[in-house]
Amino acid sequence: MRKAVLVCGMTVGLAVFGATQTTDPNWAIMWISIALSGLAAAAPVGLVDPVVIAPKGGTGTVGGIMNFVKI
């Protein structure tokens, strides 16, 4: 399920290319909005990584390290 959400969200994120094909600002904003909604749907999949990669009982530690490094 995570892979499907990630792939679908990133695919919808490709809608940003629609903004490059128009000269109308309203259409450009629409395409960018669609792309950002797809990317916003795909982004939380990355928050599951600590649960997947951490050893049992180490989820908090791995999550804390990942959040520290993101800064």
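Tutor: Helices are DSSP runs of H or I with at least four residues, strands are runs of E with at least two, and the elements are numbered from the N terminus. This is a predicted model, in which local features need pLDDT of at least 70 and side-chain atom pairs count only at pLDDT 80 or more, whereas totals for chains, interfaces and linings use all residues. Residues are numbered from 1 along each chain as its sequence is written, and side-chain values use heavy atoms, with hydrogens and water left out.

Student: What does the secondary structure of the protein chain come to?

Tutor: The chain has 5 helices and 0 strands, and its pattern along the sequence reads α-α-α-α-α.

Student: What makes the protein chain more spread out than a compact globule?

Tutor: The radius of gyration is taken over C-alpha atoms, and the globule rule is 2.2 Å times the number of residues to the power 0.38. For 71 residues the rule gives 11 Å, while the chain has 17 Å, well over that value; therefore the chain is more spread out than a compact globule. Along the principal axes, the C-alpha atoms fill a box of roughly 55 × 30 × 10 Å.

Student: Which residues form the nonpolar patch on the surface?

Tutor: The patch consists of Leu6, Met10, Leu14, Val16, Phe17, Ile32, Leu36 and Leu39, with about 710 Å² of accessible area together. Helices H1 (2-13), H2 (16-19) and H3 (25-42) are the elements that each give two or more residues to this patch. The largest contribution is that of H3, with 3 residues.

Student: Why is Leu39 called partly exposed?

Tutor: Buried means under 20% relative accessible area, exposed means over 50%, and partly exposed lies in between (1.4 Å probe, protein chains only). Leu39 stands at 36%, so it counts as partly exposed.

Student: Why is Gly13 called buried?

Tutor: The relative accessible area of Gly13 is 9%, so this residue is buried. Gly13 lies in helix H1. Beyond its neighbours within four places in sequence, Gly13 is in contact (heavy atoms within 4.5 Å) with Ala35, Gly38 and Leu39. The C-alpha atoms of Gly13 and Ala35 are 3.9 Å apart, although 22 residues separate them along the chain. Across the chain, buried residues make up 20% of the 71 residues.

Student: Why are Gly46 and Pro44 called partly exposed?

Tutor: Gly46 has a relative accessible area of 30%, and is therefore partly exposed; Pro44, at 41%, is likewise partly exposed.

Technical notes
Patches are made of residues with over 30% relative accessible area and no salt bridge: like charges are joined within 9 Å, nonpolar side chains (Val, Leu, Ile, Met, Phe, Trp, Tyr) within 5 Å. Accessible areas come from the Shrake-Rupley method with a 1.4 Å probe; for residues, only the protein chains shown count as cover. A salt bridge is a side-chain nitrogen of Lys or Arg within 4 Å of a carboxyl oxygen of Asp or Glu.
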